[in-house]
Amino acid sequence: MNAPAEPTVAACGCDNHAHKLTPLDVAIERGLALATAVKDVEDVALTDAIGRVLAFDATSPIPLPPFDNSAMDGYLVQTADLAGDGPWTLRVIGRIAAGDAGRDKPQSGTALRILTGAPVPVGFDAVVMQEDCEVSGDTITFSRKPFVGQHIRPSGGDAAKGQVVVPVGAQIGARQTGALAAIGAGTVKVRRKVRVAIFSTGSELMQPGEPLGAGQIWNSNRYTLLSLLKKDWIEVVDLGAIPDKPDLLKAALVNACASCDMVITTGGVSVGDEDHMPRLFEEAGGKMQVMKVAIKPGKPIAFGTLDRAIFVGLPGNPVSAFVTWMVIGALVLEKRAGLTARRAGRMLVRAANDAKRRPGRIEFRPARYVDNPLTETSEVELMSPEFSGRVALLSLADGLAVIPAESKGVSKGDVLEFIPL
Ligand SMILES: Nc1nc2c(c(=O)[nH]1)N[C@H]1C(S)=C(S)[C@@H](COP(=O)(O)OP(=O)(O)OC[C@H]3O[C@@H](n4cnc5c(N)ncnc54)[C@H](O)[C@@H]3O)O[C@H]1N2
Ligand code: MOO
């Protein structure tokens with residue numbers, strides 16, 4: 001293997017065959033170093049841009065809002081007219097609603113009926129809410145003195161002309177689509193979708209719906225990955241399952257790496273006789289950057305580049321595959337897609353039970369909330385210590401509790417980071 005030799009941490013327990021494991025943060029750094037953002041850009045209608053990756057800084061061509069407007073239904077007044085302590089009575093000389101154009105400068109001593117969103121004509125400088133006014137014929141009377149600018153949303157108060165409202169690399173979600181619409185972007189430039197091939201390796205794998213023979217299991221990783229990759233900015237090339245036959249695996253790997261931006265496989269990355277992926281990858285000319293990571297579950301995870309693709313060889317155990325994708329693979333793919341880095345939403349929880357463990361690898365243990373409304377921090381029960389193959393257990397978890405690499409065990413009440421799922 002031509003993976004870089006250092007830095008590493010000493011492995012422990014089941015890892016004690018002198019393997020050196022790459023710390024998780026170093027593995028992430030190396031993975032990210034492999035990823036350059038796809039360059040091609042597409043012009044698409046705003047409705048088609050939803051969910052995609054913005055390819056430029058979107059700046060507002062006008063001030064937002066474009067004109068001073070009322071934040072309330074009420075009456076426009078000129079504060080200079082309001083001498084003394086009040087109450088004040090003013091004649092209402094007209095009405096202006098959202099969508100109406102501006103009006104001429106008002107005479108002093110007059111008010112104007114105004115509805116929320118309507119433009120504020122020059123000269124008026126405050127809105128009195130209708131709840132604070134008594135209306136009689138064409139006059140209003142109110143007794144609380146408004147301040148200058150009261151209930152008026154000034155032009156440019158949300159964003160100045162030329163201000164970036166959605167930065168390059170943002171995923172265009174609900175908030176970004178709304179902001180792009182508000183600055184009049186009928187079409188926007190987005191990065192092309194990243195093309196991601198996936199295949200599961202293993203001669204034991206059958207598709208759900210097919211009958212199982214002796215020694216066979218249903219392929220779950222394929223479906224987990226299809227779900228994880230179901231995003232508007234990803235084009236998935238689903239190559240199904242491939243048995244542990246080196247010639248078939250190598251052909252699939254080479255073809256996929258020639259036509260895709262990333263190739264993700266599951267299984268066959270460990271040390272067994274049928275674990276062919278790292279060897280085949282290097283035989284095909286691939287450059288391996290990471291081979292074993294100090295993470296539980298998921299120690300064997302391979303990263304490298306071949307042709308135009310980043311190869312991500314995830315372990316076969318279903319929970320290991322899921323976790324390694326979540327904490328490393330997804331970050332690398334996001335960078336490849338041109339998305340700007342986001343910090344994953346983690347929270348703090350308290351352990352509801354003790355958990356024994358060996359120090360050495362950072363652990364992401366399935367955990368679920370304990371119903372205890374009296375505590376300020378959510379309490380979670382750390383589930384089984386043996387879970388790398390337990391896809392059903394993962395399905396019942398509420399998230400992953402993060403146990404630091406150096407931890408010798410968790411005691412009830414300890415505060416842990418938690419990744420809600
Ligand atoms: N002697 C050693 N054996 C193992 C080591 C080790 O260091 N030394 N590491 C163990 C660890 S940790 C893991 S994780 C696994 C990873 O192995 P592979 O990536 O080579 O995965 P496979 O052997 O192909 O499969 C492991 C396990 O997962 C099941 N599997 C595989 N693919 C799927 C799928 N698509 N859907 C559902 N289940 C799948 C497979 O049947 C095996 O049970 O290696 C350990 N061994
Ligand atoms: O790394 Mo393995 O994923 O502990 O089962």
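Q: Which helices each supply at least two residues of the shell around ligand 1?
A: In this predicted model, α4 (221–228) and α7 (318–336) each do so, helices being DSSP runs of H or I with at least four residues, numbered from the N terminus. Local features here need pLDDT of at least 70 and side-chain atom pairs count only at pLDDT 80 or more, while totals for chains, interfaces and linings use all residues. Residues are numbered from 1 along each chain as its sequence is written, and chains are lettered from A and ligands numbered from 1 in the order in which they are written.

Q: And how many residues surround ligand 1?
A: There are 27, the closest being Asn221, Gly267, Ser270, Pro315 and Gly316, where a residue counts if its C-beta atom, placed from the backbone, lies within 6 Å of the molecule.

Q: How do they divide into nonpolar, polar and charged?
A: The shell has 7 nonpolar, 16 polar and 4 charged residues; Ala, Val, Leu, Ile, Met, Phe, Trp, Tyr, Cys and Pro count as nonpolar, Asp, Glu, Lys and Arg as charged, and the others, Gly among them, as polar.

Q: Back to α7: at what angle does it cross α1?
A: The axes of α1 (residues 24–34) and α7 cross at roughly 25° and come within 9 Å, as lines fitted to C-alpha atoms over the stretch in contact, with angles from 0 to 180 degrees between N-to-C directions. The two helices are therefore roughly parallel to each other, a term for angles under 35 degrees.

Q: New topic: what does UniProt annotate over residues 197–335?
A: The unreviewed entry gives "domain: MoaB/Mog" there, an annotation that may be inferred rather than shown by experiment.

Note on methods. Parallel < 35°, antiparallel > 145°, perpendicular 65-115°, else oblique.
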